[in-house]
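Me: I would like to learn how to read the features of a protein model, one after another. Could you take me through this one?

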Amino acid sequence: MTATSRAAAPLRHRPVAEHAWEDIVLAHWRRNPASLEHLVPRGTRPDVVDGSAWVGLTAYVLRQTAVPPFPPSRRLGSMREVTLEIPTVDRRGRRGITYRTVDTGHVPAIVAANTMLGVPYTYAHGRSRRQGDTLDHRSVRHPARAAHPVRWLRDVRHTRRPTAPRPRHDVVLRVTAGGVVDTPLAADLTTRAGIHARLFSRTVFWQRQHAPLTIRSARLERLTGDLPDAVGLPGLFDREPDSLLVVDGTTVRYAWGDVVR
């Protein structure tokens, strides 16, 4: 199945969410498949594309969200997300992604994704800006706040004296978009059929659908941060990405797939 046909595959069940994505940046690094096997759910393996397994960094803005049958809402869905992910394939040949983390400041999304979808959302402050063809994304995660937000807020309110700097994990990404790219590698890295996730004790597959994407080349202006260290991917930013792409805005629909294992 080609990337284009994966994007156009009809959803097998009613959509559970629809998101309008904008300012999408995707950076990918080649990896040895064996080095990633322990990071993906049972019943899946790292997907080998163009001779390599891959690790991806994705940053984007959600302008609105719809939870059918209710109408779209900017209030419900406006947020920034930064993800670290591994393209995966399951025993039925479905090519998806496994998220190592999805960092966002949208608390309802964090609660819903962790409890109902099995997707590891984590609380982080985010900022995104666009000036012409230059896209700038930043995400800062404070581990104590992410793990125990209520306890962290209580400690802040009750602590009035200066304290030592708190540990944090962050990403700063700035790129400038170029011309349209139409290659099999670009399509395979940007168009995945769904999400592989661990929900309770099972590996599940959530189907994903969107129109064929307009993919552009990009030039890296800045990439710093230590977020990969927090999710089992140390040293990821030590070299420039092997693939760097910008995708024009699109609407993404999700629906239940089935149990993988």
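Reply: Let us begin with a charged side chain and a ring: Arg94 lies over the face of Phe205, at 4.4 Å from the ring centre. Please keep in mind throughout that this is a predicted model.

Me: What does the secondary structure of the protein come to?

Reply: The protein has seven helices and 14 strands. Of its 261 residues, 49% are buried. As for how the chain is brought together, among contacts between residues at least 6 apart in sequence, 73% join residues at least 24 apart.

Me: How many aromatic pairs does the structure hold, and how is such a pair described?

Reply: The general idea is that a pair of aromatic rings is described by the distance of the centres and the angle of the planes. The structure holds three aromatic pairs. In the pair of Trp206 and Trp256, the ring centres are 5.1 Å apart and the planes stand at 75°, so this pair is edge-to-face, given that planes over 60 degrees apart count as edge-to-face.

Me: Which strands does the pair of Trp206 and Trp256 link?

Reply: Trp206 belongs to strand β11 (residues 202-209) and Trp256 to strand β14 (residues 250-259), so that the pair links distant parts of the chain, 50 residues apart.

Me: Is Trp206 buried or exposed, and how does Trp256 count?

Reply: Here the cut-offs matter, since buried means under 20% relative accessible area and exposed means over 50%, with partly exposed in between. Trp206 has a relative accessible area of 10% and is therefore buried, whereas Trp256, at 28% relative accessibility, counts as partly exposed.

Me: Where is the place of Gly132, and is Gly132 buried or exposed?

Reply: Gly132 is found in the loop between β7 and β8, and with a relative accessible area of 56%, Gly132 is exposed. Gly132 and Thr176 are 44 residues apart in sequence, and their C-alpha atoms are 8.6 Å apart in space.

Me: Which elements give two or more residues to the lining of the largest pocket, and how do the lining residues divide?

Reply: Two or more residues come from each of β1 (15-31), β3 (53-66), β4 (79-90), β5 (95-104) and α3 (107-117). The largest share, six residues, comes from α3, the helix in which Ile110 lies. By class, the lining of the largest pocket has 21 nonpolar residues, three polar and one charged.

Me: How many cavities of 30 Å³ or more does the count come to, and what lines the largest cavity?

Reply: The count comes to three cavities of 30 Å³ or more, and the largest cavity holds about 190 Å³ of space. Its lining has 20 residues, with Trp21, Leu26, Thr58, Thr190 and Arg208 closest to the centre. The elements that give two or more residues to this lining are β1, β3, β4, β5, α6 (184-190) and β14, and β1 gives the most, with four residues. The lining of the largest cavity divides into eleven nonpolar, six polar and three charged residues.

Me: And what volume does the second largest cavity have?

Reply: The second largest cavity has a volume of about 60 Å³. Of the 16 residues that line it, Arg80, Val82, Gly126, Arg138 and Ser139 lie nearest its centre. The largest share of this lining, four residues, comes from β7, and by class the lining has four nonpolar, seven polar and five charged residues.

Note on methods: Residues are numbered from 1 along each chain as its sequence is written. This is a predicted model: local features need pLDDT of at least 70, side-chain atom pairs count only at pLDDT 80 or more; totals for chains, interfaces and linings use all residues. Side-chain values use heavy atoms; hydrogens and water are left out. Rings of Phe, Tyr and Trp (its six-membered ring) pair if their centres lie within 6.5 Å; planes under 30 degrees apart count as stacked, over 60 as edge-to-face and the rest as tilted. Buried means under 20% relative accessible area, exposed over 50%, partly exposed in between (1.4 Å probe, protein chains only). A charge sits over a ring if NZ of Lys or CZ of Arg is within 6 Å of the ring centre and within 35 degrees of the ring normal. Ala, Val, Leu, Ile, Met, Phe, Trp, Tyr, Cys and Pro count as nonpolar, Asp, Glu, Lys and Arg as charged, and the others, Gly among them, as polar. On a 1 Å grid over the protein atoms alone, a cavity is a set of points where a 1.4 Å probe fits but cannot get out, and a pocket is an open set with protein on both sides within 12 Å along at least five of seven lines; lining residues have an atom within 4 Å of a point. Grid points are joined across faces, edges and corners, and a volume is the space filled by probe spheres set on the points. Contact means heavy atoms within 4.5 Å.
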